[in-house]
Amino acid sequence: MKGLFNRLLKSLGISGRDWAVLLLALLLAFSTWLIHNLSLKYNDFLTVQVTAECSIDGHSNLSSNQSQILARCRATGYNVIRHDLFGSRRERVVTFKPETMRQYDGDVYYITSSELQEYSHLIYGDDVTVEYFASDTLFFTFPEVDYKKVPVHPVSSVSYKEQYTGVGELKVVPDSITVYGELNLIENIDRVYTQPLKLSGLNVDVQGFIALEPISDIRFSATQVSYSQNVSRYVEIKTEVRVDTKNVPADKAMVLLPSRIQASLKCFFPLKGEPAESMELYVDYADFEKSVSGKCPVRSSALPEGVISYELDPFYVECIVRDR
């Protein structure tokens with residue numbers, strides 16, 4: 001047989017080397033044809049197994065079941081083959097917005113095909129275009145868990161450039177989150193903390209994101225919060241301010257020692273007007289009633305316009321009360 005094949009090649013004038021070149025040419029032609037066809041777009045029905053992730057109050061964030069999604073898609077031949085070989089057997093975790101999940105019964109929630117379109121890139125990937133979903137309604141079970149809402153406490157160290165200061169406290173958004181876990185664990189949690197945030201030499205407003213410190217066996221409704229700190233240049237004014245009394249009964253008289261104290265005001269730059277002139281300080285008679293030593297804190301009715309913060313010296317004054 002081999003001799004017959006060799007005689008045939010010889011009669012056709014094809015040498016062994018020519019035969020190798022022919023085979024190589026055929027292989028290259030087939031490869032070019034295959035690559036070309038795999039790069040073309042095709043329509044096909046693709047199936048994906050999906051586990052839902054969703055932040056629903058009082059429920060686990062991951063569904064305990066999977067739902068099968070079937071859609072008619074347009075994709076390259078390569079992506080179709082890859083999906084047929086691996087995609088249909090691979091589980092995908094898709095994060096859904098809470099407002100798209102509707103409660104069916106108890107722990108069972110559902111989402112309709114009309115709302116799946118915005119999640120198509122998460123389900124099938126960016127290289128696949130979904131023409132329409134053949135699956136009508138998907139049902140997911142989110143087991144109930146214990147939870148409660150607690151405030152977020154920022155852990156921060158902030159310093160400012162000379163003649164600059166913070167306006168108000170460092171703010172975080174959201175300022176509270178929901179924690180999930182076993183009841184005996186979450187009942188001892190009264191707040192959650194951010195990871196340490198260090199800001200130094202500030203002379204402009206700052207903002208950003210900071211992660212929350214995880215707690216073992218506890219799930220958070222958010223893993224990070226945004227923070228912001230307003231910063232302003234200031235000028236400092238030192239002045240003497242009179243201290244008045246408030247809520248003193250008609251049959252009592254309260255004398256303060258001293259009745260005028262030093263106030264150091266940090267004011268927005270450039271300074272507008274005379275904020276020290278509208279500074280109102282007082283001692284509340286209710287504080288005297290609770291006092292053991294007769295010394296009471298000096299309070300401010302409201303910060304004058306343009307004042308960022310203030311310091312008083314002394315902060316406590318001696319109170320003497322007598323009958324009228």
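This is a predicted model: local features need pLDDT of at least 70, side-chain atom pairs count only at pLDDT 80 or more; totals for chains, interfaces and linings use all residues.
Residues are numbered from 1 along each chain as its sequence is written, and side-chain values use heavy atoms, with hydrogens and water left out.

**Aromatic rings**

The structure has 10 aromatic pairs, counting rings of Phe, Tyr and Trp (its six-membered ring) with centres within 6.5 Å; planes under 30 degrees apart are stacked, over 60 edge-to-face, and the rest tilted. Two of the pairs are tabulated here.

| Pair | Centre to centre | Angle between planes | Type |
|---|---|---|---|
| F45 and Y132 | 6.3 Å | 75° | edge-to-face |
| F315 and Y316 | 5.2 Å | 80° | edge-to-face |

F45 sits in strand β1 and Y132 in strand β6 (residues 129-133), so their pairing ties together parts that are 87 residues apart in sequence. Strands here are DSSP runs of E, at least two residues long, numbered from the N terminus. Beyond these, F96, Y119 and F140 make up one aromatic cluster.

How accessible are these rings? F45 comes out partly exposed at 37% relative accessibility, and Y132 is partly exposed at 40%. F315 has a relative accessible area of 39%, while Y316 is at 47%. For the labels, buried is under 20% relative accessible area, exposed is over 50%, and partly exposed is in between (1.4 Å probe, protein chains only).

**A nonpolar patch**

F45 and Y132 turn up again alongside L70 in a nonpolar surface patch, with about 260 Å² of accessible area together. The areas come from the Shrake-Rupley method with a 1.4 Å probe, and for residues only the protein chains shown count as cover. Patch members have over 30% relative accessible area and no salt bridge; nonpolar side chains (Val, Leu, Ile, Met, Phe, Trp, Tyr) are joined within 5 Å, like charges within 9 Å. A salt bridge means a side-chain nitrogen of Lys or Arg within 4 Å of a carboxyl oxygen of Asp or Glu.

**Cysteines**

How many disulfides are there? With cysteine sulfur atoms required to lie within 2.5 Å, the count is 0. For C296, the nearest cysteine sulfur belongs to C319, 3.5 Å away. C296 is buried, at 0% relative accessibility, and C267 is also buried at 0%.

**V145 in its loop**

V145 lies in the loop between β7 (137-141) and β8 (146-153) and is partly exposed at 26%. Its C-alpha is 6.1 Å from that of S60, 85 residues apart along the chain. Leaving out residues up to four places away in sequence, V145 contacts G58, H59, S60, Y180 and R219, with contact meaning heavy atoms within 4.5 Å.

Methods:
Helices (H or I, at least four residues) and strands (E, at least two) are DSSP runs, numbered from the N terminus.
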